[in-house]
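Welcome! Let's take a friendly walk through this structure, one part at a time.

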Amino acid sequence: MSAAQTTAADLPPAKQKTSTGPGAGTGSTGAAGKPARKGAVATPWLLLAPCLLVIVLVMGYPLYRLVSLSFQSFGKSELWGFKEAEFVGFDNFAKILGDGVFWSVVLRTVVFTVGAVVLTMVIGMLIALLLQKVSGVVKALISIALVASWGMPIIVATAVFKWLFDADYGVLNYLMSRLPGVDMIGHNWFASGPQGLMVIMLLVVWGAVPFVVITLSAGLTQVPKELEEAARLDGAGAIGVFRHVTLPILKPIIVMLTTLSVIWDMGVFPQVFVMRNGNPEAEFELLTTYSYQQAFVVNDYSGGSAIALVTVLLLLGVVAVYMRQMLKIGEVE
Amino acid sequence: MTLTTPSTRKGGTSRLGWNVIGLLVFAVVGFPVYWMLNTAFKPAKDAIDPSPQFFPRTFTLDNFRRALEISDFWGPVGRSLIVSLVVVVIGIAVGLLAALAISRFAFRGRKIVIVGILAVQMVPLVAMIIPVFLLLNDLGQYDKLTGLIITYLTFILPFTVWTLRGFIVNIPKELEEAAQVDGCTPTGAFLRVVFPLLAPGMVATSVYGFIQAWNEYLYALMLMSQQNQTATVWLGNFTTKNGTEFAPMMAGSTMMAIPIVVLFLIVQRKMAAGLTAGAVKG
């Protein structure tokens, strides 16, 4: 561990605020810095200092500002500095919570998130199980397709889906019209909110499934074959084996993936924003875009902050579950 | 019909059935990427053919030419490169120090730091855009690459620290100690024993961080003006009031996606392992 202590001085990058030794030292003969071995209590904090500094400055302060903003009245004149922000107590929250539009946005966000997460997890699990059944070549093909879609920048994926679902020239309308009795030529998927959000959900799921499949596949390889074998001998069917053997063993991974998915899917922004050309209609508004709209379109920064804060609070429960899981894993080592 | 055994030698026909389903899954998952490439390389007028061709017949680079002339491409790409590279270099340096602290030292408050870092990672970035915008506005950092770099650092760092920690704890302490017994200085032990083992993990983490920074959209949109837009925002230029030029947009998408997807293919395996290391044991 004292190795780590001295590397602080030896690492080439210069962002070391608490540098203790000669900064240029790159030789392996480590110019053991000033801090004596006894300084071991301070060492980890010195190592952490730059990281904590950045996080506190650029995350902690805005987080504090987010909270304080939502208790203030902050509009355009405050932005330009003509007026001091005024403390208004719970006014912003009272306004939001008393607004029917807000509640419909909350409901839509919850439905969207639940839908996307359930679809992601179910499809992900099915594909992960399928990967165990197919031959090597097919497995490789699916893996490549998965990683390619995982690696696609969200913004590019959104552009591609916009093209696939285009009303006039979109290939999806064409394909669906080939089915007997279906005429979808010229069908505008974004004319109605629910349908448009379904397309966006599909886009989110398409991007999220690969991570789930690859993580679950890794987990599946760790399920002891003997256990499955034993369960089968005891008369369990395929579904029984899955429910009573595979699922319990995969549970930690599934909890982690589900919580992560909830957090990610609730934070969906560019997909909606870009699909609706930077100006989502009321029917497409999710909590994230709604908060953005309040702040930067209506110029009510405090109202927008209050909405964002409510979003964060809604997520806290999920985050707590995720953290517990991660800490459990962390304690193993 | 056993769902969980990897090889049921008996059922040759059922294996065939699974393979057919597998190929279907492959086609569905891969189709959007295929269609992007297909559209990018065919003449723009074929792209709006009412009965589209699924297999390429003619090959053209016209869409790429058009994509490059719609608005400046290399400027945004250059800016994205600068931002992503600087973020990764600083992020890895700072992150490695922090990762060493929480993985190789036992100290009071270690757990709080870990919880804190994990918690920061969980704050939805979208929720922070308003205060970050106001903060950078106050600091005179609106429309500056430095402002964007500092902002990206905060979302790269927690992830970097956590992943590097995962790689470090997998390197047995005993290796280091053995090297010291053999006469290495602590620094020497780290540089000769731990560092080489950590290097692949660091490369993977850097590449992943680079991809994250490169792909970011919302902050790039809000914190930079039109003249200083980055690569992701550039892609919005294909949609104007007169509609969207899809074929050039797909060409632009291809140019943006291919390098990233290739990078991703290279590091993906390593990252997936790092992200969930030990999850099953939990």
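How far apart do the end C-alpha atoms of residues 189-211 of chain B lie, and is the span helix or strand? The distance is 32 Å, and the span is 100% helix and 0% strand. Please keep in mind that this is a predicted model.

Residues 246-267 of chain B are also 100% helix and 0% strand, and their end C-alpha atoms lie 31 Å apart. The unreviewed UniProt entry gives both spans the feature "transmembrane region", along with residues 16-37, 81-100, 112-136 and 148-168 of chain B.

## Where chain B meets chain A

Chain B puts 99 residues in contact with 106 residues of chain A. On the chain B side, the elements giving two or more residues are α1 (12-40), α4 (74-104), α5 (110-122), α6 (129-138), α7 (145-169), α9 (186-215) and α12 (246-276). The largest share, 15 residues, comes from α1(B).

What kinds of residues make up this side of chain B? By class, there are 71 nonpolar, 23 polar and five charged residues.

## Two domains in chain B

Chain B is divided into domain 1 (16-49 + 57-67) and domain 2 (72-276). Taken over C-alpha atoms, the centres of these two domains of chain B are 31 Å apart.

Ten residues of domain 1 of chain B are in contact with nine residues of domain 2 of chain B. On the domain 1 side, α1, α2 (44-47) and α3 (62-70) of chain B each supply at least two residues. That side of domain 1 has seven nonpolar residues, two polar and one charged.

Key. Residues numbered from 1 in each chain as written. Chains lettered and ligands numbered in written order. Predicted model: local features only at pLDDT ≥ 70, side-chain atom pairs only at ≥ 80, totals over all residues. UniProt positions renumbered as here; feature names shortened; annotations may be inferred. Helix = DSSP H or I, 4+ residues; strand = E, 2+ residues; numbered from the N terminus. Contact = placed C-beta atoms within 7 Å. Nonpolar A, V, L, I, M, F, W, Y, C, P; charged D, E, K, R; others polar. Domains from an automatic or database assignment.
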